[in-house]
Amino acid sequence: MRSFFAKYKLFGIVFLCLSAVIMYLFYNALQPKKILPIYQPADFNPELVDTSLLHVKKYHTIGNFSLTNQNGALITNDTYKDKIYIADFFFTTCPTICPIMTDNMGTIQQEILNDDEVMLLSHSVTPEIDSVAQLKAYAIKKGVVDRKWNLVTGDKKQIYDLARKSYMAVKTDGDGGPFDMIHTENFMLIDKERRIRGTYDGTNPEEIEKLLEDLKVLKDSYRDKEASK
């Protein structure tokens, strides 16, 4: 009996290993692929949404924009054409959540540094303070890589409209003072069709990890789409 088992021991081990691999492949094949939701204004806290959009439940996209970056270059929606990007709102003199958000955006920058498909976009909510020179000094301090990450300033009303009507990222326009745009800590994941595919707490490292995971899911969805053509 012992000689019988000894004779077929190697075969048994190989068979068990092969069975385990087959079961693993079948398990993965049967798991539904994760698909990111497409967020609409109606999905957000009403405090963050312009009243004209509160009941919009489909077809929402990021509006056109024309702003100036840390190098004085014109940045428009065409700059981000066919790109996935991560957006947020900040200001350079913010002493509280902005430095944390910027550092976490810097972490994302390192992850996408050699990925031509993904970029970053940070909007100043105090454009009257955040001049091109101010943004440039901040960009240097924070290690911003110009080809990956635009810090933008410009017309305050345009930035406010983008925040309220496109990204749902600002609570109020306040009283017209320099710090009246009360921005959230949110990072927004935007797809190539200019749709919001995720929102994340930009001060929370765990949320940053989730964002990076969702970014991979989004990138894979485009790969799958190309492969199916």
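Residues are numbered from 1 along each chain as its sequence is written, and side-chain values use heavy atoms, with hydrogens and water left out. Because the model is predicted, local features need pLDDT of at least 70, side-chain atom pairs count only at pLDDT 80 or more, and totals for chains, interfaces and linings use all residues.

The chain averages a pLDDT of 88, where pLDDT is the predictor's confidence in each residue, from 0 to 100. A score of at least 70 is reached by 82% of the residues. Over residues 24-31, pLDDT stays under 50. For that stretch the model has zero contacts beyond four places in sequence; contact means heavy atoms within 4.5 Å.

Six helices and seven strands make up the secondary structure of the chain. Helices (H or I, at least four residues) and strands (E, at least two) are DSSP runs, numbered from the N terminus. Their order along the sequence is α-α-β-β-β-α-β-α-β-α-β-β-α. Of the contacts in the chain with a separation of 6 or more, 71% join residues 24 or more positions apart. The chain has 229 residues, and 41% are buried. Buried means under 20% relative accessible area, exposed over 50%, and partly exposed in between (1.4 Å probe, protein chains only). The chain exposes about 12,900 Å². Carbon and sulfur atoms supply 59% of that area. Accessible areas come from the Shrake-Rupley method with a 1.4 Å probe; for residues, only the protein chains shown count as cover.

Five strands form an open sheet in the order β5-β4-β3-β6-β7, with mixed pairing. β5 (149-152) and β7 (196-201) are the edge strands, each pairing on one side only. From one strand to the next, the twist averages 20 degrees. Two strands pair if DSSP finds at least two bridges between them. Strands of a sheet pair through backbone hydrogen bonds, either parallel or antiparallel. Both senses occur at β3. β3 and β4 are parallel and share seven bridges. Within this pair, I84 stands opposite V118 in β4. On the β6 side, three bridges join β3 (residues 84-90) to β6 (residues 186-190), and the two strands run antiparallel. A87 has M188 as its bridge partner in β6.

Strand β3 is largely enclosed by the rest of the structure, because seven of its seven residues are buried. In a regular strand the side chains alternate between the two faces of the sheet. I84, I86, D88 and F90 point one way from β3, whereas Y85, A87 and F89 point the other way. Helix α4 (residues 132-142) lies across β3 and β5. The helix runs at about 145 degrees to β5. Axes are lines fitted to C-alpha atoms, for helices over the stretch in contact, and angles run from 0 to 180 degrees between N-to-C directions.

H123 lies in strand β4 (residues 118-124). Its relative accessibility is 0%, so H123 counts as buried. Leaving aside neighbours within four places in sequence, H123 contacts L67, A87, D88, F89, F90, V152, I159, L162 and Y167.

Helix α5 (residues 156-167) has twelve residues. At 1.5 Å a residue the helix should span 16 Å, and its end C-alpha atoms are 15 Å apart, which agrees. The expected span is 1.5 Å times one less than the number of residues. The buried residues of α5 are I159, Y160, L162, A163, R164, S166 and Y167. Their cover includes β1 (66-68), β3, β4, β6 and β7.

Several loop residues complete the description. Most residues other than glycine have a negative phi. Y59, which is not a glycine, has a positive phi of about 70 degrees. Y59 lies in the loop between α2 (9-30) and β1, and is exposed, with a relative accessible area of 72%. R194 also has a positive phi, near 70 degrees, and is a residue other than glycine. R194 is found in the loop between β6 and β7. With a relative accessible area of 26%, R194 is partly exposed.

D116 lies in the loop between α3 (97-112) and β4. D116 counts as exposed, at 60% relative accessibility. Not counting residues up to four places away in sequence, D116 touches K83 and K148. D116 and K148 are 32 residues apart in sequence, and 8.5 Å apart in space, C-alpha to C-alpha.
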